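Please open the model in your viewer and keep the selection panel at hand.

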Amino acid sequence: QMSMGGAAEFEYREPESVYGVMPDTGVAGGGTVAWVAGKMLVPHTTQCVFGDLRVAAEVVSSLLMACESPSSLKAVVPLWSSSSQVAAHGHSTESVKFSQEAELTVGVVEPSIGQSSGGTMVSIHGE
């Protein structure tokens, strides 16, 4: 912290950033909880930014937050953090990649019965 003549104060802070996400892929309809590892994350002010879409973040600590992926993502997007601390950029300078893919649907399992001891080869068909 620096004070000049007692009239004004300015605090120098390390900028927030993100460096990991788990899982890094969610389902196309959204709703995947992404656990984001970072630093200098601020409770009640930090948000997640999926591409250009801002969503609320639950900041667990200055190193971890949880965000629910939005439903309107189309491809792989950068995942940023954003708070009033990074207003000049609009988001953190570092990002991680997050993607959404169509849900898999299982149609047929062949055979539908196997030995209780295991070892039966199974084929799964679906979309």
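What follows is a sequence of selections, each with a note on what is there.

This is a predicted model, in which local features need pLDDT of at least 70 and side-chain atom pairs count only at pLDDT 80 or more, whereas totals for chains, interfaces and linings use all residues. Residues are numbered from 1 along each chain as its sequence is written, and side-chain values use heavy atoms, with hydrogens and water left out.

**Whole chain.** Begin with the protein chain coloured by secondary structure: the assignment comes to 0 helices and 12 strands, where helices (H or I, at least four residues) and strands (E, at least two) are DSSP runs numbered from the N terminus. Switch to a surface, and the chain exposes about 8400 Å², of which carbon and sulfur atoms supply 55%; accessible areas come from the Shrake-Rupley method with a 1.4 Å probe, and for residues only the protein chains shown count as cover. Of the 127 residues, 30% count as buried, a class defined by under 20% relative accessible area, with exposed set at over 50% and partly exposed in between (1.4 Å probe, protein chains only).

**Cys 48 and Cys 67.** Select these two next, since a disulfide joins Cys 48 to Cys 67, with 1.6 Å from S to S; the term covers a pair of cysteine sulfur atoms within 2.5 Å. Cys 48 lies in strand S6 (residues 47-50) and Cys 67 in strand S8 (residues 64-68), so the pair ties together parts that are 19 residues apart in sequence. The torsion about the S-S bond is about 45°, so the disulfide is right-handed. Cys 48 is buried at a relative accessible area of 0%, and Cys 67 is buried at 1%.

Centre on Leu 79, whose contacts (heavy atoms within 4.5 Å) include Val 18, Val 36, Cys 48, Phe 50 and Phe 98, not counting residues up to four places away in sequence.

**Phe 50 and Phe 98.** Which aromatic pair do Phe 50 and Phe 98 form? The pair is edge-to-face, 5.3 Å centre to centre with 75° between the planes; rings of Phe, Tyr and Trp (its six-membered ring) pair if their centres lie within 6.5 Å, and planes under 30 degrees apart count as stacked, over 60 as edge-to-face and the rest as tilted. Both Phe 50 and Phe 98 are buried.
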